[in-house]
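Please read it alongside the structure shown here.

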Amino acid sequence: MSRLSLNTATTKHWTLREAVDGAVRAGLSSIGPWRDRVQEVGVPEAARIIADAGLRVSSLCRGGFLTTDDDAAARAALDDNRRAIVEAATLGTHELVMVVGGLPAASGPGGPALPYPARSGAGVRVQGADDPARDLVAARQRVADRIGELAPFAAGHGVRLVLEPLHPIFAADRAVISTIGQALDLAEPFPSDVVGVVVDTYHVWWDPDLQRQIARAGAAGRIAGYQVCDWILPLAADPLLSRGHVGDGYVDFASITRWVRDAGYTGDVEVEIFHEDVWSAPGDETLATMAERYVRHVLPHL
């Protein structure tokens, strides 16, 4: 269990202390907290709870949401990311996972698209044929620009901005980066200890270029995390809640884990599951299943 880490999203209804105690009971060595759990007790207290239990912090989730085209919202997003960087440093982790954000046309994560803006033409109001809030290329450029603004601050705190590509089904509302290759292109201008990438099997298992891009990430020293859970069908009404335990779905964990291993990654392996059935199960039962599936499907290939 020395490399297996509990991402606190997997035990959604546990407090941070409950998640820490559960991880210790399960024989784990690390935990990957989400910021909401940290902020419930305050960052210094969260750091103390985790350290007193003898656990490492594998990563902090999450920063990001950098795609807004509104100046005030952009300043607020950058400020929040700077707070997240400080939180990561205080908790003692080098890795801050970044979900970069969707299109400005999204009303919110999982929400409907905002209407096209009305425009004036020949004295009448007409619906325009284009909308900057739907410009995917421009949104990605804003991510690049804002990572550039945050990188010096992160480097000064010993924290790496870890770009997480999300499955294309989430491109509209959560992440305009969909592949490891896109994340690496954004990371390339920066030192590898300042901007890296995370390999999340749920989001990247489908990518026909995955093996090559994982090798590329390893050669550049940019693999900052490996997160595992399965792609299960049928999808939930909210696809975000369609993750399953390792071995319950379609992901080829043997191949992807070997690719990550061969790329030189020796860090923690986080289990991060969003699913109502998993959340409603007793936490210790979830950790027992998590550990058993890790030993069966992941560990032999590390």
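Strand E1 (residues 4-7) and strand E2 (residues 30-32) run parallel and are joined by 3 bridges; two strands are taken to pair if DSSP finds at least two bridges between them. Within this pairing, Ser5 has Ser30 of E2 as its bridge partner. The model is predicted, so local features need pLDDT of at least 70 and side-chain atom pairs count only at pLDDT 80 or more, whereas totals for chains, interfaces and linings use all residues. Residues are numbered from 1 along each chain as its sequence is written, and side-chain values use heavy atoms, with hydrogens and water left out. Helices (H or I, at least four residues) and strands (E, at least two) are DSSP runs numbered from the N terminus.

**Sheet**

- E1 and E2 belong to an open sheet of 9 strands with parallel pairing, in the order E3-E2-E1-E13-E10-E9-E8-E5-E4.
- Its edge strands, each pairing on one side only, are E3 (56-57) and E4 (60-64).
- Strand E10 (residues 223-228) is largely enclosed by the rest of the structure, because 6 of its 6 residues are buried (under 20% relative accessible area, with exposed over 50% and partly exposed in between; 1.4 Å probe, protein chains only).
- E10 pairs with E9 in the parallel sense over 4 bridges, and Asp200 has Gln227 of E10 as its bridge partner.
- E10 also pairs in the parallel sense with strand E13 (residues 269-271), over 3 bridges; here Val228 has Val271 of E13 as its bridge partner.
- Helix H6 (residues 180-187) lies across strand E8 (160-163) and strand E9 (195-200), and runs at about 170° to E9 (axes are lines fitted to C-alpha atoms, for helices over the stretch in contact, and angles run from 0 to 180 degrees between N-to-C directions; contact means heavy atoms within 4.5 Å).

**Backbone geometry**

- Most residues other than glycine have a negative phi, and most peptide bonds are trans.
- The peptide bond from Cys61 to Arg62 is cis, with omega near -5°, and Arg62 is found in strand E4.
- Leu233 and Pro234 are joined by a cis peptide bond with omega of about 0°; Pro234 is in the loop between strand E11 (230-231) and strand E12 (243-244).
- Phe65, a residue other than glycine, has a positive phi near 50° and is placed in the loop between E4 and helix H4 (71-91).
- Phe65 counts as partly exposed, at 26% relative accessibility.

**Pocket and cavity**

- On a 1 Å grid over the protein atoms alone, a cavity is a set of points where a 1.4 Å probe fits but cannot get out, and a pocket is an open set with protein on both sides within 12 Å along at least five of seven lines; lining residues have an atom within 4 Å of a point.
- Grid points are joined across faces, edges and corners, and a volume is the space filled by probe spheres set on the points.
- The largest pocket has a volume of about 410 Å³.
- Of the 21 residues that line this pocket, the closest to its centre are Trp34, Arg62, Leu240, Glu272 and Phe274.
- The elements giving two or more residues to the pocket lining are helix H2 (35-41), E4 and strand E5 (95-99).
- A search of the whole structure finds 1 cavity of 30 Å³ or more.
- The largest cavity is lined by His245, Val246, Val271, Ile273, Met290, Arg293 and Tyr294, and helix H11 (residues 283-298) gives the largest share of that lining, 3 residues.
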